[in-house]
Amino acid sequence: MVFLTRRYRFSAAHRLHNEALSTEENARLYGKCNNPYGHGHNYTVEVTVCGPIDASTGMLIDLETLDRIVEQEILERFDHAHLNLDVANFKGRVPTTENLCVEIFNLLWDKLNGRGLARLEKVRLEETSSNFVEYMGQSPNPVKGVISEK
Ligand code: NI
(Lines give C-alpha, C1' and ligand atoms only; values in the text may rest on other atoms or scores of the structure.)
Protein backbone atom coordinates (compact mmCIF):
# COMPACT_ATOMS: atom_id res chain seq x y z
CA MET A 1 0.00 0.00 0.00
CA VAL A 2 1.39 3.38 -0.98
CA PHE A 3 0.06 6.86 -0.29
CA LEU A 4 0.25 9.73 -2.75
CA THR A 5 -0.60 13.32 -1.88
CA ARG A 6 -1.12 16.11 -4.36
CA ARG A 7 -1.51 19.75 -3.39
CA TYR A 8 -3.94 22.26 -4.93
CA ARG A 9 -4.76 25.86 -4.16
CA PHE A 10 -7.87 27.98 -4.43
CA SER A 11 -9.12 31.29 -3.08
CA ALA A 12 -12.59 31.81 -1.68
CA ALA A 13 -14.58 34.16 0.52
CA HIS A 14 -16.86 33.18 3.34
CA ARG A 15 -18.75 34.44 6.33
CA LEU A 16 -19.17 32.35 9.45
CA HIS A 17 -22.84 32.86 10.24
CA ASN A 18 -25.59 30.56 11.43
CA GLU A 19 -29.06 31.69 10.35
CA ALA A 20 -30.59 29.86 13.31
CA LEU A 21 -28.80 32.11 15.80
CA SER A 22 -29.36 35.75 16.73
CA THR A 23 -27.11 38.57 15.56
CA GLU A 24 -25.56 38.76 19.02
CA GLU A 25 -25.00 35.01 19.29
CA ASN A 26 -23.34 34.93 15.86
CA ALA A 27 -21.09 37.85 16.76
CA ARG A 28 -20.09 36.21 20.03
CA LEU A 29 -19.51 32.80 18.47
CA TYR A 30 -17.63 33.79 15.33
CA GLY A 31 -16.16 37.21 16.21
CA LYS A 32 -14.77 39.12 13.23
CA CYS A 33 -15.34 36.05 11.03
CA ASN A 34 -19.03 37.04 11.29
CA ASN A 35 -18.48 40.48 9.67
CA PRO A 36 -21.43 40.95 7.28
CA TYR A 37 -19.55 41.08 3.97
CA GLY A 38 -17.23 38.18 4.63
CA HIS A 39 -13.49 37.81 4.13
CA GLY A 40 -11.20 35.71 1.98
CA HIS A 41 -8.71 32.90 2.37
CA ASN A 42 -6.09 31.32 0.16
CA TYR A 43 -6.82 27.67 0.81
CA THR A 44 -4.42 24.83 0.24
CA VAL A 45 -6.01 21.43 -0.17
CA GLU A 46 -4.04 18.21 -0.08
CA VAL A 47 -5.67 15.14 -1.55
CA THR A 48 -4.22 11.78 -0.47
CA VAL A 49 -4.99 8.60 -2.35
CA CYS A 50 -3.77 5.14 -1.44
CA GLY A 51 -3.59 1.69 -2.93
CA PRO A 52 -1.18 -0.73 -4.56
CA ILE A 53 1.24 0.23 -7.31
CA ASP A 54 -0.01 -0.74 -10.76
CA ALA A 55 2.56 -3.29 -11.93
CA SER A 56 2.41 -2.20 -15.56
CA THR A 57 2.61 1.58 -15.08
CA GLY A 58 4.59 1.71 -11.82
CA MET A 59 2.09 4.29 -10.60
CA LEU A 60 -0.68 4.45 -8.02
CA ILE A 61 -2.84 6.83 -10.03
CA ASP A 62 -2.43 8.86 -13.20
CA LEU A 63 -1.87 12.42 -11.96
CA GLU A 64 -3.65 13.85 -15.01
CA THR A 65 -6.76 11.93 -13.99
CA LEU A 66 -6.47 13.15 -10.40
CA ASP A 67 -5.92 16.73 -11.56
CA ARG A 68 -8.93 16.60 -13.86
CA ILE A 69 -11.23 15.33 -11.11
CA VAL A 70 -10.03 17.90 -8.57
CA GLU A 71 -10.28 20.67 -11.17
CA GLN A 72 -13.85 19.75 -12.11
CA GLU A 73 -15.19 18.93 -8.67
CA ILE A 74 -13.33 21.36 -6.41
CA LEU A 75 -11.47 24.17 -8.14
CA GLU A 76 -14.13 25.10 -10.71
CA ARG A 77 -16.73 25.07 -7.95
CA PHE A 78 -14.94 26.90 -5.15
CA ASP A 79 -12.12 29.00 -6.62
CA HIS A 80 -12.97 32.72 -6.45
CA ALA A 81 -16.43 31.90 -5.10
CA HIS A 82 -18.20 33.29 -2.06
CA LEU A 83 -18.93 30.04 -0.26
CA ASN A 84 -22.11 31.34 1.40
CA LEU A 85 -23.55 32.89 -1.74
CA ASP A 86 -22.17 31.31 -4.90
CA VAL A 87 -22.34 27.56 -4.31
CA ALA A 88 -25.25 25.34 -3.33
CA ASN A 89 -23.01 23.24 -1.09
CA PHE A 90 -23.30 25.65 1.82
CA LYS A 91 -26.94 26.60 1.72
CA GLY A 92 -27.98 26.29 5.35
CA ARG A 93 -24.52 25.14 6.45
CA VAL A 94 -21.77 27.30 7.91
CA PRO A 95 -18.71 27.24 5.63
CA THR A 96 -16.13 26.58 8.31
CA THR A 97 -12.86 24.88 7.42
CA GLU A 98 -14.28 21.71 9.00
CA ASN A 99 -17.41 21.68 6.84
CA LEU A 100 -15.47 22.63 3.71
CA CYS A 101 -12.95 19.84 4.28
CA VAL A 102 -15.72 17.24 4.66
CA GLU A 103 -17.51 18.60 1.59
CA ILE A 104 -14.36 18.34 -0.52
CA PHE A 105 -13.81 14.77 0.67
CA ASN A 106 -17.39 13.79 -0.19
CA LEU A 107 -17.25 15.48 -3.61
CA LEU A 108 -14.08 13.56 -4.47
CA TRP A 109 -15.12 10.23 -2.96
CA ASP A 110 -17.50 9.08 -5.70
CA LYS A 111 -15.33 10.38 -8.51
CA LEU A 112 -12.03 8.93 -7.32
CA ASN A 113 -13.15 5.54 -6.12
CA GLY A 114 -14.01 2.82 -8.59
CA ARG A 115 -11.25 3.92 -10.99
CA GLY A 116 -8.46 1.44 -10.88
CA LEU A 117 -7.16 0.39 -7.51
CA ALA A 118 -6.50 3.75 -5.89
CA ARG A 119 -8.97 5.09 -3.36
CA LEU A 120 -9.33 8.40 -1.53
CA GLU A 121 -7.63 8.25 1.84
CA LYS A 122 -7.67 11.78 3.22
CA VAL A 123 -8.31 15.44 2.52
CA ARG A 124 -6.29 18.04 4.38
CA LEU A 125 -7.51 21.61 4.08
CA GLU A 126 -5.30 24.48 5.19
CA GLU A 127 -7.10 27.77 5.74
CA THR A 128 -4.19 29.76 7.17
CA SER A 129 -0.58 28.93 7.98
CA SER A 130 -1.76 28.35 11.57
CA ASN A 131 -4.65 25.93 11.12
CA PHE A 132 -5.78 23.04 9.01
CA VAL A 133 -8.43 20.32 9.11
CA GLU A 134 -8.12 16.70 8.03
CA TYR A 135 -10.93 14.31 7.14
CA MET A 136 -10.67 10.64 6.37
CA GLY A 137 -14.34 9.78 5.99
CA GLN A 138 -16.61 8.06 8.41
CA SER A 139 -15.04 5.04 10.01
CA PRO A 140 -17.13 1.92 9.30
CA ASN A 141 -15.78 0.35 12.50
CA PRO A 142 -15.41 2.95 15.26
CA VAL A 143 -12.81 2.02 17.85
CA LYS A 144 -14.43 0.74 21.03
CA GLY A 145 -14.42 3.25 23.85
CA VAL A 146 -14.13 6.21 21.50
CA ILE A 147 -17.23 8.35 21.27
CA SER A 148 -18.11 8.45 17.59
CA GLU A 149 -19.88 11.33 15.94
CA LYS A 150 -23.53 10.52 15.23
NI1 NI B 1 -12.39 32.77 7.59
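Author: His-80 sits in the loop between α2 (63-78) and β3 (81-82). Please keep in mind that this is a predicted model.

Reader: Why is His-80 called exposed?

Author: Exposed means over 50% relative accessible area. His-80 has 66% relative accessibility, so it counts as exposed.

Reader: What makes His-14, His-39 and His-41 donors of the nickel ion?

Author: A donor here is an N, O or S atom within 2.8 Å of the metal. The NE2 atoms of His-14, His-39 and His-41 lie 2.0 to 2.1 Å from the nickel ion, so they qualify as donors. Along the chain, the donors follow the spacing H-x24-H-x1-H.

Reader: Is His-14 buried or exposed, and how do you know?

Author: Buried means under 20% relative accessible area. His-14 has 1%, so it is buried. His-41 has 14%, so it is buried too.

Reader: Which residues is Asn-84 in contact with, leaving aside its neighbours within four places in sequence?

Author: They are His-14, Arg-15, Lys-91 and Pro-95. Asn-84 itself lies in the loop between β3 and α3 (97-112).

Reader: What makes the pair of Asn-84 and Arg-15 a polar contact?

Author: The cut-off for a polar contact is 3.5 Å. A polar atom of the Asn-84 side chain lies 2.8 Å from the backbone oxygen of Arg-15, so the distance falls within that cut-off.

Terms used. Residues are numbered from 1 along each chain as its sequence is written. This is a predicted model: local features need pLDDT of at least 70, side-chain atom pairs count only at pLDDT 80 or more; totals for chains, interfaces and linings use all residues. Side-chain values use heavy atoms; hydrogens and water are left out. Donors are N, O and S atoms within 2.8 Å of the metal (3.2 Å for Na, K and Ca); water is not among the atoms, so sites may look incomplete. Buried means under 20% relative accessible area, exposed over 50%, partly exposed in between (1.4 Å probe, protein chains only). Helices (H or I, at least four residues) and strands (E, at least two) are DSSP runs, numbered from the N terminus. A polar contact is a pair of N or O atoms within 3.5 Å; within protein, one must be able to donate a hydrogen and the other to accept it, and residues adjacent in sequence count only if both atoms are side-chain atoms. Contact means heavy atoms within 4.5 Å.
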